[in-house]
Every structure is written in C-alpha cells, then in structure tokens.
Amino acid sequence: MHSLVFLCARRLVSHRPGARRALALLPAELYPVLFQAAFLDGRTLALRDLVGTWPFPVLSLQRLLGHRNRHRDRHPLLGEKPSKLCVQAVILAVVAHLRRALEESCCGTSERRCRLRVLDMTGLQDDDADRGPEGMSLWSGTVALAKACIEVSKHQSECLKRGSKRRKGPSGASAAPQPLGVEVRADLFVNGTSFGVLRDALRVGAAGPLRLKCRDFHAEELSVAGTVSLLESLEPAGVRRVDLRFNNLGLAGLCAVLPHLARFTDLLSLKLPYSNVDVRRLAAGTDAGLRCLAAQLGRLPCLKELNLDSSRLSGKLRQLLGDLQAPLESLELAFCSLLPGDFAFLSQSFHAPALRKLDLSGHDFSENLFQPLQHLLEETSASLLHLDLMECRLTDARLEALLPALCRCSRLCCLGLFGNPLSTPGLKVLLRKTVVLPDLRLVVYPYPVDCYSREPPWPPSTSGRLFEDTVDEERFAAVSAELCRMLVSSGRADAVWTASLSRHGALDYFTL
C-alpha cells in the first residue's frame, strides 16, 4: 500500500517536462520519494534529472529502495530485482554531473546544484542467475562503473589540456579547480573478460573525479598475478569480503595471494571455494603450504567467515584453523572430505559455540561421520542460524535420528537438505518435529524419492536441473501442497518449504 505522497510523486515523474520544471521549486525532502517513484516505474530520464540535481551529499540506493527480504529475495519497494536500465541511468547521471562540473572548473563558472559526493550502490546487484533479463548482474554493474570511471578520467585530462580556458589567478598562474569528486561504494565482480577494464578504472580512479571504493570483491578464473594486481589496487578501508572462486590457485597460489589481504584490516569474510587444494595428494611442499596458509589466515584479526568449499582437507582442519585469532561465525566446508578427527577438533574448538552458519554438504553421514555430526550440532546449538547438509546421503532413518540434535538448535532459521534420499513420509516427520523451532522460516528439501518416475542416478546434482525430467510433476505438486497444508495447520504459514535452490542462494552471512 503506497502513501499519498508516493502516489503524487509517481504522477509527477510520469511527465518529464513538468517534473524538470518543478525540480527547481521542490524542497529537498521530496527528492527521495521522487527517486523511489522513478525507479519503481522505470522512468530513466526522470532518474537522470533527479541525480543531476541531488540535494544531499549521499545517495544510497539500498537505503532508498529497501533491503531485500532474506527469505524471499525481494526488495520491499521494488518487489523484484532492480532494473538494469534504472541502475545504468543513475551511473550515467553521475558521469554527466562530473563532466559538467569539470567543464565549469575549466571555464571558471559554477552553476552546480548537485551536492552528491557519495553514491552507495552496495547490496543492490548480485550474481544470481535467476534475476531475469531486465535485472543487472554484479558483473555488468562492475563493468558499467569501471567504464564510467575511465570516461570521467579521460574528460578530466581533456579539460586540463585546455588550461588556457581556466580562470587566471592574481599572479597570472592558472587557478586550481575547486575540489571535485564522487566516491562510488560498490560490490565488484571480475573475471578474465572484465579484468582489463576494472584494472584500468582502479588505476585512474585513485586520483580521478569518480573513485571506486569496494566493499565486497569477487574474482573468478583469474591468474595469481591478475588477482594480486587488483587486490593491490583496491583502497583497503571498507573492504569486508574477498571471494576468489574457480581460480585454480592451489596451495602455492593461495600462499602467494593471501599475504596481500593483510592490508584489509576490516576484512570479515574470505571465500576460497574451488581452489584446487587436495591434501590427500602426496605432493612435495603440501605441509609447508598448509603452514603458510594457516599463518596467513592468522594475520586476519577480524575474520568471521571462511569458505573452503571443495578443498580436500582430510585430517588437516586443526592445522589450518589453529592460528585464527578469533572464533569464526560462518564456516563453509562443503565437499572437503573431512574425517572424524576434523569433526572432533571443530566440536572442541572455540569456533563451535560461535558458529551462526555451517555448511557440511557433500559428506557421507550415513556411517562413521554421523555421531561426530550429532556432537557438533550439540556444541553449536546455542548460536546456529543456518545449516546446510545437502548431498549427505541422509535417509529417513538417519534424519529422524538426527532430529533431537537438530531441534536443540533453537535459533535455526534456514535448513538445506537438498540432494538427500528422503521420502514423503520422511519429510512429513521432519516438518512435524521442526515446527517447534520458532525462527525456522526456510527449508530447502529434496525431491522425495517416491516422486521420481524412474530411479535416478545418485547423488543428484546440486543444480537440481539434471533430474527434473525424472520427477513426476503431478505427484510432487501433491506432496508440496500437502506440506503447505501441514504448515498452515501448525500455525507456521510464515515458513517457506521449497525444493528450489534459487531462494537458498540468496542467503548470505551478512544477512543473518
């Protein structure tokens, strides 16, 4: 339900000529609601006019448009993912503002109405494949910002070359232009395709009018040298996450990259999935590499989240985490080939009672890892909010045996069980037992084994797409409807039970 002020703003931005004339007369307090209306309705030209005359020093898109609902991946105002055209319009408006300001500085005139100094675009885009064609990905947003930085820097150089047009000072020397610039706070995503443009933008932007300041840095499929080059170009203050994935760095590469993270004193999250680390290989230098990696992790005093997915760490967890200075709150160890001794270390460590998010997907809990898992859940029960046990060979019997430990996790809000061989009766038992958990609002469950039209190969793919053609859709729809009815009758209509991984992918440590 929109307010009367919002509806009036919506009507005004729908008629650009009238809106442009009115901007000079409107109080600054109306700009935020006009921006919201223009963004909601895709009024890109109105957005450019608003940003070009923005009366405040800060423009935060997330603050204006609202944070996403962590369970439904929706913005309160927009409903769905922000429009790519609208985001581009904001960037183009900032570029146009800076070009005008540079020209005014060169000519010795000043007609600036825009007071913008900080554009905060953090948290707006993501790399979710389910965003649709009209949404802006994190990658495309990064490229757009990088190109904007380069364009403004080039224009600045052109203006400086036209020094004869600048106003002369009393001594006859050219007067220095007034300090000018906009800082853009953003989450950045780079791969081999966009490496060059982001590298150039960071280099020219350090002293340019449009400066990129990174909050979360994501790099995919980059070389060691390329990764180090970008990390060294980032301004250290404010970087809270570094995510290096599919880079095939290996232990040697990680030991070359991680020393460059020590300058990020605010770093809270480090993600190193798919780094091609396998301690089971009898390769020379493995122990030395692990010691180096552990030492570098120990140099990150604020670290709260660590992702080592798909690194084979059998028997080495104690060595790897032993130098950490503070307990982790999020630990992702999917497909890490952990041994009972690794679980024992984790249960006894100072991390266990602090963990809010734990991912142990890809481990076989059907046999000798089951009791270590039970013990670990008991140790984490007071703090755990998000638990992933996907593709863990949990049968109905095993899951039922795990339920007492699971139900002691009284603060649990998300449970991922996709890819386990559970039946419809097993899911119903799970639902009946866990409705007592007041905060459990998202459960990602597998397609029940009795809903397959033919026997699928095992284990299923985490993408969920590989075996969709083997699911009897009518049977599965009936099961899904029955689970929904059970939730409603239990007074838990607020909970989401789904076999879709898209909502699960939107969850993040920083949203817990």
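Tutor: Start with a cut-off: a residue counts as buried when its relative accessible area is under 20%. Keep in mind that this is a predicted model.

Now take helix H3, residues 31–40. Eight of its ten residues are buried, so the rest of the structure largely encloses H3. Those eight are Tyr31, Val33, Leu34, Phe35, Gln36, Ala37, Ala38 and Phe39. Just after H3 comes Gly42, with a positive phi of about 70°.

What do the buried residues of H3 pack against? Their partners are H1, H2, H4, E1, H5 and H6. Let us go through some of these.

First, H2 and H4. H2 spans residues 16–23 and H4 spans residues 44–52. Their axes are 10 Å apart, at an angle of about 10°. Angles under 35 degrees count as roughly parallel, so H2 and H4 are roughly parallel to each other. H2 brings Arg16, Arg20 and Leu23 to the contact, and H4 brings Leu45, Asp49 and Leu50. By class, that makes three nonpolar residues, three charged and no polar ones.

Next, strand E1. It covers residues 58–60, and Ser60 belongs to it. Is Ser60 buried or exposed? Its relative accessible area is 8%, so Ser60 is buried. Its side chain has a polar atom 3.2 Å from the backbone nitrogen of Arg63. H5, another partner of H3, covers residues 61–65.

Then there is H6. This helix packs with H7, residues 138–161, at an angle of about 10°, and the two axes are 10 Å apart. H6 and H7 are therefore roughly parallel to each other. On the H6 side, the contact uses Ile91, Val95, Leu98, Arg99, Leu102, Glu103 and Cys106. On the H7 side, residues including Ala144, Leu145, Ala148 and Val152 take part. Eleven of the contact residues are nonpolar, two are polar and three are charged.

Finally, the core. In soluble globular proteins, nonpolar side chains tend to be buried together. Here the largest nonpolar core has 148 residues. Phe35 is among those with the most contacts inside it, and so are Phe217, Val242 and Leu270. H6, residues 84–107, gives this core its largest share, eleven residues. Phe35 brings us back to H3, where it is one of the buried residues.

Technical notes
Residues numbered from 1 in each chain as written. Predicted model: local features only at pLDDT ≥ 70, side-chain atom pairs only at ≥ 80, totals over all residues. Heavy atoms only, no water. Helix = DSSP H or I, 4+ residues; strand = E, 2+ residues; numbered from the N terminus. Buried < 20%, exposed > 50% of the residue type's maximum accessible area, 1.4 Å probe, protein only. Polar contact = N/O pair within 3.5 Å; in protein donor to acceptor, adjacent residues only side chain to side chain. Core = buried A, V, L, I, M, F, W, Y, C linked by side-chain atoms within 4.5 Å. Axes fitted to C-alpha atoms, helices over the stretch in contact; angles between N-to-C directions. Parallel < 35°, antiparallel > 145°, perpendicular 65-115°, else oblique. Contact = heavy atoms within 4.5 Å. Nonpolar A, V, L, I, M, F, W, Y, C, P; charged D, E, K, R; others polar.
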